[in-house]
Amino acid sequence: MTAVRTGQKTPASRAPAKAPAGLRLTGPVTGVWLAALAVTVLGWIVVAARGGDFLTVTNVVAILQNCVALGLVAVGQSVVILSGSLDLSVAYLISLGTLVAAETMESGSVLVAILAVLALSAAVGLANGLVVTGLKVNAFIATLGTAFILRGWIEDNYTGPAGKVPASFQHLGYDRMGPVPVSLFLLLAVAAVIWLITRRTRLGHHMYATGGDEHAARLSGVRTRRTVVAAHVLCSLCVGAAALFLAARLGAGAPWAGTEARYDLESIAAVVLGGTALAGGRGGVAGTLGGVLVLAVLDSVFNQLAVDPFFKNVVRGVVIIAAVALYARRRRTPQGRTA
C-alpha cells in the first residue's frame, strides 16, 4: 500500500494507464477488419463463380441487419469480458425482453415498454454482478444459473409468441436509408457510448485494470467489485437494446428470439474473434464490431451457397480458433507485446 501512496510504479498502478494505448488501431483490430474485407471479397468471388450475385442491395441490407442484434449483444459482452467476467444469460434475457416489450406495447405505450425492458435488463445485470462479486460465484456458473431462472420463467408462462408491436415501432426493424438500415445507427450509437465509457472514463480504466489483474487493481485502490457489477449492468442494457430491436423485427415477443440464434455463444465468439482476451484486460469494442461483421458475412456466404449447417459450424469454429491462435502468437513477439 505504501508503494501506491508514494507514486512508485507498481504493476497495479500501471495497469489503468495502459488502457488508452488500445486507441491505436493496430494489432487485432486492424487484423479483424482486414479479415472482414478479405471474407467479403472471397465470398463475392465464390458466389459469383457459382452463378450468384453477392453484393446486391438486398444482400448487403440483410448482412447489416444481421449485424445489429448480434453486435449489440457482443458490444455488451465485450464490457464484461474486459472486466474479467462473462455473461451466459444474454440469450434468455433477449427472449424475455422481446416478450416484455411486445406485451407492454400492446397494452401501454412504446416509451413505457422501452423503459420496462431496460429496467428489467439492468436488474438482471445487477443480480449477475452481485452474485459474481458478493457471493464469489464463478461468472460462468452465476450467469448460467441466471439463464436457467429466466428459461424457467419463460417456459412456465409462454408457449409461443405473445404481445403485439405497433407499426410505428416496427420502423426500427425495417426502415433504411438507401442500403443502410436505420437500426444500424442504433448499433453504432450504443457502440460509441460503450467505447467512450471504456476508453475515456475512469470506470473504463478500472475495467481494464480489473480484467488485467484484479488483485493488483485492488491494491491500487480500484473498487473491483463495483467495476464488475457496473460491467454486468452495461452488458445487460446492451442486451435490452437488442431485445427491443428484435421485437421490432418480429412484431411480437418470441420465447425463442435469443436462444434460436444462440446469442450467448455467438456474442462470445465475436468478442474473441475481435481480439479481446477471454481472461480480460485486453481488447475493445472496435475489434468486436469487426468480429461481428466477419460472422455476418460468413453466414451470408454460406446461405447463398446452401452450405450444410454442420459444415458451416465447422468453418466458423476453424476461423475462431485460427484467429485466437494468431493473436496469441503475436503477443509472444516483441511487437505483439507493445501493441
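Helix 9 (residues 182-200) and helix 10 (residues 202-212) pack at an angle of about 70 degrees, their axes lying 5 Å apart. Helices here are DSSP runs of H or I with at least four residues, numbered from the N terminus. Axes are lines fitted to C-alpha atoms over the stretch in contact, and angles run from 0 to 180 degrees between N-to-C directions. The two helices, helix 9 and helix 10, are therefore roughly perpendicular to each other, a term for angles of 65 to 115 degrees. Helix 9 contributes Ile 197, Thr 198, Arg 199 and Arg 200 to the contact, while helix 10 contributes Arg 202, Leu 203, Gly 204, His 205, Met 207 and Tyr 208; contact means heavy atoms within 4.5 Å.

This is a predicted model, in which local features need pLDDT of at least 70 and side-chain atom pairs count only at pLDDT 80 or more, whereas totals for chains, interfaces and linings use all residues. Residues are numbered from 1 along each chain as its sequence is written, and side-chain values use heavy atoms, without hydrogens and water.

How confident is the predictor? The pLDDT, its confidence in each residue from 0 to 100, has a mean of 89 over the protein chain, and 89% of the residues reach 70 or more. Over residues 1-23, however, pLDDT stays under 50. Over residues 334-339 the pLDDT is also below 50. Where pLDDT is low, the predicted coordinates should not be read in detail.

How values were computed:
Parallel < 35°, antiparallel > 145°, perpendicular 65-115°, else oblique. pLDDT = per-residue confidence, 0-100.
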